[in-house]
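Please open the model in your viewer and keep the selection panel at hand, as this tour goes step by step through what to select next.

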Amino acid sequence: MKNYTSIHDIDHMESWIGEARELKAHPLKYMDLGRNKILGLLFFNSSLRTRLSTQKAALNLGMNPIVMNVSGDAWGIEFGDGTVMNGNTAEHIKEAAAVVSQYCDIVAVRAFPTLVDKAKDEREEVLNSFVKYASVPVVNMESATGHPLQGFTDAITISEFAKKTKPKVVLSWAPHMKALPHAVANSFTQAMHKMDVDFIITNPEGYNLNPEITRNTPIIHNQDEAFEDADFVYVKNWSSYTEYGKVMHTDPSWMITKEKLKQAKFMHCLPVRRNVIVEDAVLDGDSSIVIAQANNRTYAAQLVLKKLLENIT
Ligand code: CP
């Protein structure tokens, strides 16, 4: 594996989950692998979990992580080819990515979508520019259309908590007042396609995800019906894909409650808005596995870094 940019980079989900769980049991076993190696973490957007868990993953492998908030602290980066740079951008991605590659052995990038320009977001301009112009492996820490470290984490978590060989997993839209990206829902969907689960999606009319991502996944617009006999309910808000980036409605009846959830485990990537996406009783009760899920971010990232290090050493 040269880069980790998408769930499609996971060649065999079951073995990756097994390896990640092995790392979780023995997190410091490969401390020598990353000795004298630098991981650069470049954030164009905010983060709590990704920023801390990916650094911890690097430290567990003996790497030295260095972090930069690109939007606030770096020169404005130009991504356009042939641009006359007489505006606000002071440095071209061609130099920026090449220079970062002089300092880092692996570079990880977070860059959210515009949610305005669908074509630009789907080109993955920032992530793909780093892949193109960096001379070291690139890790996607959430891009315009995917969050594959989160998706892999979610697969690990379901494997840990599953009580059946083929659990029923539901991805449910929930209300939110702001326009949010599709990345987490996309990568979760792609991860579930690589697992032996009974997977369905429930969302209001007008909120279907990109059909190239959902493919033949059943999509049900009745949330109660979708939740019947669910073992895991993975909740996330996303803005409309067809009316790109728009908030079509914020119907509070889609909020997750203890009554709706019944026997199912509650999952969310976090951060989550209490009593908007999900009521307190769920997050504060036994059904929620969001903290265990967040803990697994470290081991998902650690396995990805381990595989990349093994390829460059
Ligand atoms: N789930 C997730 O990626 O969290 P952060 O945005 O805090 O990194």
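Which residue forms a salt bridge with glutamate 160? Select glutamate 160 and lysine 24 together, and you will find that these two form the salt bridge, with their closest N and O atoms 2.8 Å apart. As you look, bear in mind that this is a predicted model.

Next, colour the two parts given by the domain assignment, in which domain 1 covers 7-146 + 297-312 and domain 2 covers 149-293. Their centres, taken over C-alpha atoms, are separated by 25 Å. Where they meet, 31 residues of domain 1 are in contact with 31 residues of domain 2, and the area buried between the two domains is about 2600 Å², with carbon and sulfur atoms giving 64% of it. Now select Ile7, Leu115 and Arg297, which supply 27% of the area that domain 1 buries against domain 2, more than any other three residues.

On the side of domain 1 that touches domain 2, select α1 (13-25), α2 (49-60), α5 (118-123), β6 (138-140) and α13 (290-312), each of which supplies at least two residues. The largest share of that side comes from α1, with 6 residues.

Methods:
Residues are numbered from 1 along each chain as its sequence is written. This is a predicted model: local features need pLDDT of at least 70, side-chain atom pairs count only at pLDDT 80 or more; totals for chains, interfaces and linings use all residues. Side-chain values use heavy atoms; hydrogens and water are left out. Domain bounds come from an automatic or database domain assignment. Contact means heavy atoms within 4.5 Å. Buried area is the accessible area (1.4 Å probe) that two parts lose on being put together, summed over both. A salt bridge is a side-chain nitrogen of Lys or Arg within 4 Å of a carboxyl oxygen of Asp or Glu. Helices (H or I, at least four residues) and strands (E, at least two) are DSSP runs, numbered from the N terminus.
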